[in-house]
Amino acid sequence: MHLRRAFISLLTLLALASPGPALADVNQAPRLPWVFDDAVMATRQHGNVLYVGGYFKTVSPAANVGGRFIELSSAAGTPARTFPAFPANSFIYAVVDDGAGGWFVGGGFHLQEPADRNYLLRFRADGTVDPAFAPVLNGPVYALWRSDDLLYVGGDFTQVSGQSRGHAARFQVSTGALTAWAPNVTGTVRAVRPVGNRVFLGGGFTHVNGIGRLGLAAVSALSGGTDGFNLGVSGGAGWVYAFAAEGSTLYVGGDFEQVGGLARQRLAAIDTSANMVLPFFANADAAVHALASNGSQLFVGGQFTYIGGASRRALAAVHLQSGGINPWNPGIADDPGVEAVQALAISGATLYAGGAFGRVSGQPRANLVALSASGNAQLLLPWNPGVDDRVRALAARPGAVVAAGQFAHYGTRAREGLAAVNTITGELLPFAPHVVGGVHALEVAGAYLYVGGSFTAIDGATRNGAAAIDVMTRAVLPWNPDVEGTVYVIRAHGSDVYIGGSIDAVGGASVWGLALVHPLTGARVAWEAGLDTDANVLTMETAGGLMYVGGTFTQIGGQARNRLAAINLATRTVTAFNPNVVGTVHAVSVHGADLYVAGDIISVGGQPRTSAAAVDRATGSPTGFAPALSGSVYDIEVVGSTAYLAGTFTTVNGASRRALAAVDRTSGLVTRPFNPLHGGTGHGRHLSVVPGVLVVGAQLSPEAGFVGGVPPNLQLFPIAGMTGAPGPPSTPLATIAGDVLRLDWSASPLGGPPTDFLVEAAATPGGAAFASLPNGSIAPTITIAGVPPGQYYLRVRARNAHGVSVASPEIGVAAGLQVCLAPPQTPDLRASVVGSSVTLAWDQAVGLATGYEMTAGTTEGQSNIGTFAVGAATTFGAEAPPGVYYTRVVARNACGVSAPSVDVPVLVGMAPPVVPEAAASVQGSTVTVTWPAVPGAVSYRLEAGSGPLLSDVAVMPTGSTGLVAVGVPAGTYYVRVHALTAAGLRSTSRELVVIVP
């Protein structure tokens, strides 16, 4: 009788609900506050977490636009001043201190606002462009050096302010005037350095003042005339890129194999008083781009992997006299062949290095790092501002460091091929495995995140093409199919895991295109897909006990099937479904009774279709859905009455649509204005749907049409007209000067759009608010004057006509000090579990934190287990009984407490259940949903919605493995089943589409 009451309750919920209206169009403005620096190829939703895979290396706050030039505090690594942003197509190659609090900047740029400057400018101490220094050059600047009141400039120009200057020039700093000094160099100058009464020039030139000089020359500091110095470089590319000097010794770095006819590979030392090459031997196996010395050792940056016979990647320290390699070894790392150090600067005992790299000493450092320049003690310093692209120039002075190059954003976090975003708050989660290669496929089953792609390793573990990660501990699991080839798709079904792609072998055994592997070990299961030789599987989707498979094959399971087939998941046999597609199938998507198909399609079932089509799932016959696209379609998703397409096309049915488009799901006609990339270039790669949001992954080209020049390779488009309260704000940050408090935060990218925000103040952590102050606008900031002295705990809520969000993380502040800045949100928290021992670690909150507190609870956001002060340490260890715990860390200083880190779940001594596989049947108006018992599950919950991933129709807990509803109204329902353990762990079935006629 109890089960019958459950059925009746479900029936009541279904009867009261209509199938619901079709979802509206999506907004054209995405809300994700993060920028991914390269292609996003796959996403997968698990609870509130969106896992993201691709070829990206960094993820940056979209609001932190650096504009190719940024001045940073040498203590905190945060921006010290604001400067005009350079255009997106700019490159900065050289920066030097102007001696008056400002900077000279050279490169390949045309700055139009706030002043018109080409290739060379001066920023004054207040961050403005110097109006008195306005030289006009006709080519880029690569080298700058200031010597007292003289500024030396080298580059690829031939004129300066209407006067002839052959790739080298000199200005008077105090007046900004161009001097008469004018050596005529035939070719590019990449390095300039005065030594004594001469100026040394390096680059790719052949003559200086008409006299043969190969890549290296000396000219008079007075007249610019060429003297007798003639130690040219040759071999390799024959270029000099960098100089350093100690007394009369000039160190030369570049891409050469001889200097003055003597063998010196890419690094040499020259006695400038005797004009001779010194017996200094530190040969490098690839180009040297940057040099810096501190009187005791020479720091060398470049693209090398060996120098002086020792293994050093991109950065090394050598003895000033002999060139012998010093033990100092920071361990610059990235994918093989990618890492490079292109800029160095020394300030006191600190060496700053910039270039193209992701890790240093095993720790994430996005293209910019600070290192101890004295011995090996504390080699890697906590300074970690991060930028999202290459650093080409560095300059430092006490208190400040300038980084410049081709980056767009700062505050960058290393996310190398895999990342995770909270889809409620928009926060980037501390999930950062290091993937060597690219990710194309993601699948979540139970506590396993299955990953497929072209990679060879994840977090140091060898994994070819396929791997699994524990979503709780984030550890790489032993699951290892060892794929030869690239995995494009992974799908889990019950105890089966299918992997498809351009595959030649799995586990050392030959297999073409598609394989079945064990869900816990990855070992190949003895099942033959029977694809033709060299055929690829590019897409798979399960629904109604079938798996639809698409790719380049013409045979599968011994049956003739052109590019599209269906496999019965119970029997693992090919069904009679045979749409007969001509052309490659890249993607399929199930929607009700139809299967949508996309790719490089010419025809389906004998009927012409261009790039996309739909077929009846029962008969395989094409429907009337017939969009005509001008290029390939890589993915397709249907939301309500609209089909969304991503690919390489520029038109759809004659309408201009670039890479992304929306069409009517019945006809394929362009009836929607959705065209967010109308001004961009590149490819749409991936589409998925999470509650209320269309997720778009792309591989777009940087250009001026994107903010900072960085393309939005991951975008979350909220559903237009979406109702409901806003999502909670995040990352609050308080600044106090006297009695004036400024509070800034980030609005949630999801939920209904807010109309304004409420700032709540409490006297104790988590206490009741004694004040609630609206900010009166959609701007995520408020400034409050006249704040009395005291300790306050602040949180923010967003609101609109539909309601008020839950609160943001809380931040503590102390008012009444002259200038006070609470620590920023604590960097990524990481957890590891060995038996019952739990270790938590986090990055230091540089320059602001004096101590940390660790909080643990049995549910997210709770602290019912306890709060533990850990002092200045950045680790915390404890023994814990079996269970699931949620942990977070906050930073403290005299001014207050930071917002907590993102909650990290810790699983001790318990295994989550295997994902259940539900099945549904419909007889008239009776719906039956069943699923197998799941080991370890103590209860189940069925959810039904009017759209994908929605639960607006029914939410039913049960202890049984089935539910029946009778008298269900006609419509389309989306149903899934959750299995729950005693500890609250949850796994989710694949979503079922249930159609009641």
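Of the 997 residues of this chain, 56% count as buried, where buried means under 20% relative accessible area, exposed means over 50%, and partly exposed is in between, with a 1.4 Å probe and protein chains only. What you see is a predicted model, in which local features need pLDDT of at least 70 and side-chain atom pairs count only at pLDDT 80 or more, while totals for chains, interfaces and linings use all residues. Residues are numbered from 1 along each chain as its sequence is written, and side-chain values use heavy atoms, with hydrogens and water left out.

Some totals for the chain. It holds 94 strands and 1 helix; both are DSSP runs numbered from the N terminus, with helices being H or I of at least four residues and strands being E of at least two. The accessible surface is about 35400 Å², and 53% of that belongs to carbon and sulfur atoms; these areas come from the Shrake-Rupley method with a 1.4 Å probe, and for residues only the protein chains shown count as cover. Among contacts with a separation of 6 or more, 49% come from residues 24 or more positions apart, a contact being heavy atoms within 4.5 Å.

Three strands form an open sheet in the order E2-E3-E41, with antiparallel pairing; strands pair if DSSP finds at least two bridges between them. Its edge strands, each pairing on one side only, are E2 at 40-46 and E41 at 418-422. From one strand to the next the twist averages 25°, with axes taken as lines fitted to C-alpha atoms, for helices over the stretch in contact, and angles running from 0 to 180 degrees between N-to-C directions. E2 and E3, residues 49-54, are joined in the antiparallel sense over 6 bridges. Valine 40 is opposite glycine 54 in E3.

Next, the rings. How many aromatic pairs does the structure hold? There are 29; rings of Phe, Tyr and Trp (its six-membered ring) pair if their centres lie within 6.5 Å, and planes under 30 degrees apart are stacked, over 60 edge-to-face, the rest tilted. Phenylalanine 104 and phenylalanine 133 have ring centres 5.3 Å apart and planes at 70°, so this pair is edge-to-face. Phenylalanine 104 lies in strand E7 (103-111) and phenylalanine 133 in the loop between E8 (117-123) and E9 (141-147), so the pair ties together parts 29 residues apart in sequence. Phenylalanine 104 is buried at a relative accessible area of 1%, and phenylalanine 133 is buried at 2%. Phenylalanine 133 also pairs edge-to-face with phenylalanine 171, again 5.3 Å centre to centre with 70° between the planes. Phenylalanine 171 sits in strand E13 (168-172), 38 residues from phenylalanine 133, and is buried at 2% relative accessibility. Elsewhere, ring pairs link Phe69, Phe83, Phe86, Phe109 and Phe123 into a cluster.

Two charges sit over rings, meaning that NZ of Lys or CZ of Arg is within 6 Å of the ring centre and within 35 degrees of the ring normal. The charged end of arginine 190 sits over tyrosine 142, 4.7 Å from the ring centre. For arginine 685 over tyrosine 634, the distance is 4.3 Å.

Last, threonine 887, in strand E84 (883-893). Is threonine 887 buried or exposed? Threonine 887 is buried, at 5% relative accessibility. Leaving aside residues up to four places away in sequence, threonine 887 touches residues including Leu829, Met854 and Val902.
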